[in-house]
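This briefing covers a single protein chain.

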Amino acid sequence: MSRASLEKDPRDVARMFDAVAHRYDVTNDVISLGQDRAWRKATLGALAAQPGETVLDLAAGTGTSAEPLADQGVRVVACDLSMGMLEVGKRRRPDLAFVAGDALHLPFADASFDAVTMSFGLRNVSDVPAALEELLRVTKPGGRLVVCEFSTPTWKPFRTVYSNYLMRALPPVARAVSKEPEAYTYLAESIREWPDQRALGLLVKRAGWEHVAFRNLSGGIVALHRGTRPE
């Protein structure tokens, strides 16, 4: 399998994630040293979804973020570009609503959701401003956005160590636990090319979201970006 290029053609991205779907969650636990669970928990806390609300979990993968929402009585739709990811998730949680969809052309009506969230998926979209506008379109007035994404460590000396880990250590680690290590080479490259916290915050604001803010997690390795659709 050839890894997705940084041009991020949706077909290439989908094929890449299809190939790693069966071991995706386990591999993420290993390469993040278990931190991915804490990041997802923080995302759910920021989302603050209430029972009875309708939430879109975009780039949902196998549904690891959608599951706790459903268990709390939230009506959650898990949407992803990769059919392989959706199939793995559906086998594990047949009660959840899994929907195939492209972030740039979501298959939902205007103002469908009380809140929308996207974890570690915005970076894989070819047109980030358009995806943020599409999320705005399907969110109800006053509804909430929470994006969890890799970002830039705030402490400069650690930033250098982290960059070295991404480019030198992550691919060998992924090779040891995954049969598709090229996907994780792409992961490292895409993180390195991604805008920092303030730059992404500006993109969120320019897409039309209000009350935009971000919070660093793990020293800025990951950041939570929040926004509200204008009333």
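Ser82 caps helix 5 at its N-terminal end, with a side-chain oxygen 3.4 Å from the backbone nitrogen of Gly84. The model is predicted. Its secondary structure consists of nine helices and seven strands.

**Helix 5**
- Helix 5 spans residues 83-92, and its buried residues are Gly84, Met85, Leu86, Val88 and Gly89.
- An α-helix has 3.6 residues a turn, so residues three or four places apart point the same way.

**Strand pairing around strand 5**
- Strand 5 (residues 139-150) pairs with strand 4 (residues 113-119) in the parallel sense, over six bridges.
- Strand 5 also pairs with strand 7 (residues 222-228), here in the antiparallel sense and over seven bridges.
- Val147 of strand 5 takes part in both pairings: Val147 is the bridge partner of Met118, and Val147 stands opposite His225 in strand 7.

**Whole protein**
- The protein has 231 residues, of which 50% count as buried.
- Its accessible surface comes to about 10600 Å², and carbon and sulfur atoms account for 54% of that area.
- Of the contacts between residues at least 6 apart in sequence, 66% join residues at least 24 apart.

Note on methods. Residues are numbered from 1 along each chain as its sequence is written. This is a predicted model: local features need pLDDT of at least 70, side-chain atom pairs count only at pLDDT 80 or more; totals for chains, interfaces and linings use all residues. Side-chain values use heavy atoms; hydrogens and water are left out. Two strands pair if DSSP finds at least two bridges between them. Helices (H or I, at least four residues) and strands (E, at least two) are DSSP runs, numbered from the N terminus. Buried means under 20% relative accessible area, exposed over 50%, partly exposed in between (1.4 Å probe, protein chains only). A polar contact is a pair of N or O atoms within 3.5 Å; within protein, one must be able to donate a hydrogen and the other to accept it, and residues adjacent in sequence count only if both atoms are side-chain atoms. Contact means heavy atoms within 4.5 Å. Accessible areas come from the Shrake-Rupley method with a 1.4 Å probe; for residues, only the protein chains shown count as cover.
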